[in-house]
Amino acid sequence: MNIKDFEYNQKIQGYYMIKKIEERTSKNGGSYIDINVADQNKDEVNGKVWNTQGIDLNTYKSGILVKVRGQVQKFNNKMQLHIEKIRLVDQSDDVNFEDYIAAAPVSSNQMIREIYSFIDKITHPQIKELTLTLFRDKEDKLSYYPAAKTHHHNIKGGLLYHIRTMLDLGEKISSAYDFINTDLLYAGIVLHDLSKTEEMIADELGIVEDYSTEGKLLGHIIQGITEIDRVCRELFIDDEIKMVLQHMILSHHYHAEYGSPKMPLVPEAELLHYIDLIDARMYGMNKALSNIEGGTFSEKNYSLEGRSLYKTSFDERNNG
């Protein structure tokens with residue numbers, strides 16, 4: 001049964017993929033399981049398993065298909081499943097695993113080719129060599145890595161999709177400003193999140209199980225700066241080029257509370273920040289609006305400051 005068809009107090013039964021699962025402690029000291037599941041349309045819903053007897057969390061992991069029976073409830077004005085029974089899917093269920101994998105709408109091979117074509121537009125030989133080396137080192141992981149665990153582009157190939165869209169946006173925005181160094185801008189876009197492949201631990205379905213120890217202690221910004229330093233030393237890259245690209249990575253979150261101790265001090269770094277922000281926001285808005293009817297509001301989206309977005313209906317009327 002599709003999640004978008006759920007109604008409150010309805011009994012449901014169906015096949016879903018586990019997106020997130022963890023054991024928690026209730027206020028009375030008992031244990032319960034908090035779980036997010038997704039259907040074939042990649043819609044998600046949170047659920048609770050209050051009777052945890054017989055459930056081994058070493059077996060029930062992210063990326064596993066399960067058969068679920070339960071009741072749709074409302075909690076804090078949001079839909080939630082009270083899961084009465086859950087079991088692993090077996091061969092007799094005749095469920096296609098691939099149907100449940102959320103992935104970028106473009107193949108990874110195509111996106112990789114397109115990103116290489118942007119790198120080829122970089123005219124400065126050292127900037128091009130540095131960017132090409134670092135991207136090539138990550139190519140295998142990029143074919144399936146998401147851009148985040150729970151927020152924007154948290155899908156198989158999501159990191160590639162994010163980079164590819166940002167490059168397209170960067171090309172269009174920079175055409176309005178003749179003082180922008182597109183070599184730096186394209187390099188910064190390609191490199192800004194590459195070290196998320198080391199920050200997170202993801203499987204080939206694009207599901208993040210956890211953050212790596214280094215990722216938790218340092219984060220992808222520091223990891224990225226370190227990798228740039230290493231490759232620049234190996235390739236004898238000019239110190240100023242290294243420093244400016246490191247600054248672009250360091251400042252792309254803009255604020256210290258988000259991990260950037262320096263604000264952008266070169267225009268290409270300023271553009272990088274806003275292009276990154278625009279793409280993340282547009283992805284989140286498109287996702288929030290994609291499964292609701294025109295003339296209605298989405299649920300509150302906490303990656304968009306808790307906003308409940310409105311979907312216009314006049315385009316639907318004109319197309320009808």
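With 320 residues, the protein would have a radius of gyration near 20 Å as a compact globule, and its 22 Å agrees with that. The radius is taken over C-alpha atoms, and the globule rule is 2.2 Å times the number of residues to the power 0.38. This is a predicted model, in which local features need pLDDT of at least 70 and side-chain atom pairs count only at pLDDT 80 or more, while totals for chains, interfaces and linings use all residues. Residues are numbered from 1 along each chain as its sequence is written, and side-chain values use heavy atoms, without hydrogens and water.

**Overall form**
- Along the principal axes, the C-alpha atoms fill a box of roughly 65 × 50 × 40 Å.
- The protein has 10 helices and 7 strands, taken as DSSP runs (helices H or I, at least four residues; strands E, at least two) numbered from the N terminus.

**Packing and surface**
- Of the 320 residues, 46% count as buried, meaning under 20% relative accessible area with a 1.4 Å probe and protein chains only; exposed is over 50%, and partly exposed lies in between.
- Among contacts (heavy atoms within 4.5 Å) between residues at least 6 apart in sequence, 55% join residues at least 24 apart.

**Leu218**
- Leu218 sits in the loop between helix H6 (213-217) and helix H7 (220-235).
- Leu218 counts as partly exposed because its relative accessibility is 46%.
- Glu199 is 19 residues from Leu218 in sequence, and their C-alpha atoms are 8.3 Å apart in space.
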